[in-house]
Amino acid sequence: IIEDVRVRKILDSRGNPTVEVDIITWNGFGRVAAPSGASTGSNEVAAFPQGGVDEVITDVEDLISSELIGMDSEDLTDIDSVLKEIDGTDDYSNIGGNTAVAVSMAVAKAAASSYSLPLYRYLGGNFKNEIPYPLGNILNGGAHAGIHAPDIQEFLVVPVSAKNISEAIFANVAVHKRLKELIQEKDKNFTGGKGDEGGWVPNISNYDALEIQHQACEEIGDEIGITIKPSLDLAASELWDSSVEKYVYGQDNISRDSGEQIEYVKEIIETYGMFYVEDPFDEADFDGFAQLTKAVGDKCLIVGDDSFVTNKNLLAKGIELKAGNGIIIKPNQIGSLSATYETVKLAKENNITPIVSHRSGETTDETIAHLAVAFSAPLIKTGAVGGERIAKLNELIRIEEELANPSMAKFD
Ligand code: PGA
Ligand code: ZN
């Protein structure tokens, strides 16, 4: 039974305020902080009410605690419904989706703790033994970096043949380190600066970034005997200029229309053997997603983030149109753990790969590591270095150690 709900304003990794929630039950405790995006999808729920985090502290906390105190922390779907009712809007703009999702996840953690269970086991049951492969972020561009960086937002790597999480995580950071050396050869003024998700931010072209990403994967892969594959998040909604109907690559001084964008991305996937490509088109261009999936979906994951925003109705539309074969799962895009689970379930039933993901503005909260294991998600995207990124990666090391029979996740 919930005895108290406490909400406080804390810092995120960009130095912006966010909310942290404590749920106190008579025999349990759960604490969760919410992250924030920079390249957000337009159909995401609102992160905060109009008055920001301060309004959550002054007004919303009392509203929520007066309703939730006395409820059972095991009744998560009821609690999520109550939060939705208190809010009264479609997009959580009164209480904030970040408030709602932090309460929702903290309730689940409190319930887990009342059984002395870790969250992944409480949510996933006894037989979960699969650890997700980490998508490590090695180079940042776009909205997560400065204006002289590549336009592609995230250059990622996946150690697809790693035998355990520790091997996987250290493979990713080895590539991150090697990439720094390769950048220094291309960008003489490189200062070692990093972007919001811990990848390097050099002043180089998109082409050069793709080339050295590939080179670093090959070199480190050969050195340590693991297959490491390159991946990307184009976050193309940020590149799309609707006034000229083109994707604008400012760093390269090139614009591409929808057809040219399909050809460009297809060529990148084929040239570099991309394992995973996220948001290659504007969030509304389900047709572009469908065409690319049809062309190369058998050899590459074509993943929707801004197009689906963890929303099961948008995913249902994507399934119908065959607009991708993977979906990014960010609980704060949809505002509750129950709704997040429903989206994951729909994805799995339709052979869409769920990828549990951090946001560019993060805290040291490690909950998504537990969600990835509980959902048997084959991939987790949570950076490679930086305190708020390694909080999740190190938690996966601990989880793997606890499992009786751990194995890395299967992609099929
Ligand atoms: P965001 O970016 O957290 O800034 O939305 C991450 C992503 O696009 O995957
Ligand atoms: Zn994305």
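Modeller: A network of salt bridges links Arg8, Glu20, Asp22 and Arg31. A salt bridge here is a side-chain nitrogen of Lys or Arg within 4 Å of a carboxyl oxygen of Asp or Glu. Side chains of opposite charge can pair when their charged atoms come close. The count by this rule is 26 salt bridges.

The model is predicted: local features need pLDDT of at least 70, side-chain atom pairs count only at pLDDT 80 or more, and totals for chains, interfaces and linings use all residues. Residues are numbered from 1 along each chain as its sequence is written, chains are lettered from A and ligands numbered from 1 in the order in which they are written, and side-chain values use heavy atoms, with hydrogens and water left out.

Take Asp54 and Lys9. Their side chains form a salt bridge, 3.0 Å from N to O. Asp54 sits in helix α1 (residues 52-68) and Lys9 in strand β1 (residues 2-11), so this pair ties together parts that are 45 residues apart in sequence. Helices (H or I, at least four residues) and strands (E, at least two) are DSSP runs, numbered from the N terminus. Asp54 is partly exposed, at 44% relative accessibility. Lys9 is also partly exposed, at 47%. The cut-offs use a 1.4 Å probe and protein chains only: buried is under 20% relative accessible area, exposed is over 50%, and partly exposed is in between.

Now Arg178 and Glu223. Their side chains meet in a salt bridge, again 3.0 Å from N to O. Arg178 belongs to helix α5 (residues 165-186) and Glu223 to helix α6 (residues 206-224); the pair links distant parts of the chain, 45 residues apart. Arg178 is buried, at 17% relative accessibility. Glu223 is exposed, with a relative accessible area of 54%.

Glu388 and Arg389 form a further salt bridge, with the closest N and O atoms 3.2 Å apart. Both of these residues, Glu388 and Arg389, are buried.

UniProt, in an unreviewed entry, places the feature "domain: Enolase C-terminal TIM barrel" at residues 128-411. UniProt positions are given in the numbering used here, feature names are shortened, and annotations may be inferred rather than shown by experiment. Over residues 128-411, the chain is 42% helix and 18% strand. The end C-alpha atoms of that stretch are 16 Å apart.
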